[in-house]
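Here is a short briefing on a single protein model. Look over the fold first, then the helix packing.

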Amino acid sequence: VKQKAITSCTSMITSIISDEEVMLLQPCLVPIMTALQQSLNPPINDDIASECLGVFIEAAESKQPLINGAIPTLVPILVNVLLAHESMDDGTVGMAATALTNLIENRPRFLASANLVQPILEALVQILSQSTTGAGAMFNYFANQDEAKDTEGDDEDFDSEEEMTILVQS
């Protein structure tokens, strides 16, 4: 039931994203934030986490200030998911990265005024410094995850060695 309610909220945000009416959904963000936090505690529920992150991804794309009140709480959650990327589901990590990217692209002034730029940069530097595959591989990995979703219906099948070769070359 919780997952379906969150999915419905995402659909509503998507359908009225540019209208001022989307602001009526702002009170829904608090329980969705709570559900996100709970889903990331052990045992992690990736399905609920993904649905919650989907809401925040869509909300961050709205021209309305729908997500602004949630940003100070949301950014540390997203950063923690990225920092724990090795122990988390790739889909959840990818969605957290997308949500953070949407916030950076659509709310840079808000992030700066809320003093959230430094924690984001510190987390990214920490992730990059701990990487054994090099800095570029992390960014290519998230980009390739999005491309993989776009080509799920393609006839070509790659084995893991071919995928790794493509990842390293890009």
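Predicted model: local features only at pLDDT ≥ 70, side-chain atom pairs only at ≥ 80, totals over all residues.

The protein has nine helices and zero strands. Buried residues make up 36% of its 170 residues.

**Overall fold**
- From the N terminus on, the element order reads α-α-α-α-α-α-α-α-α.
- Among contacts with a separation of 6 or more, 70% come from residues 24 or more positions apart.

**Packing of α3 and α5**
- Two packed helices are described by the angle between their axes and the distance between the axes.
- Helix α3 spans residues 46-61, and helix α5 spans residues 90-106.
- The two pack at an angle of about 15 degrees, and their axes lie 9 Å apart.
- The angle is under 35 degrees, so α3 is roughly parallel to α5.
- The crossing of α3 past α5 is left-handed.
- On the α3 side, the contact uses D46, A49, S50, L53, G54, I57, A60 and E61.
- On the α5 side, T92, M95, A96, T98, A99, N102, L103 and N106 meet them.
- By class, this contact has eight nonpolar, six polar and two charged residues.

**Helix α4**
- Helix α4 covers residues 71-83, which is 13 residues.
- From first C-alpha to last, α4 reaches 18 Å, close to the 18 Å expected at 1.5 Å a residue.
- Which residues of α4 are buried? They are I71, L74, V75, I77, L78, V79, V81 and L82.

Key:
Residues numbered from 1 in each chain as written. Heavy atoms only, no water. Axes fitted to C-alpha atoms, helices over the stretch in contact; angles between N-to-C directions. Helix = DSSP H or I, 4+ residues; strand = E, 2+ residues; numbered from the N terminus. Parallel < 35°, antiparallel > 145°, perpendicular 65-115°, else oblique. Left-handed = near helix turned anticlockwise from the far one by under 90°. Contact = heavy atoms within 4.5 Å. Nonpolar A, V, L, I, M, F, W, Y, C, P; charged D, E, K, R; others polar. Expected span 1.5 Å × (residues − 1). Buried < 20%, exposed > 50% of the residue type's maximum accessible area, 1.4 Å probe, protein only.
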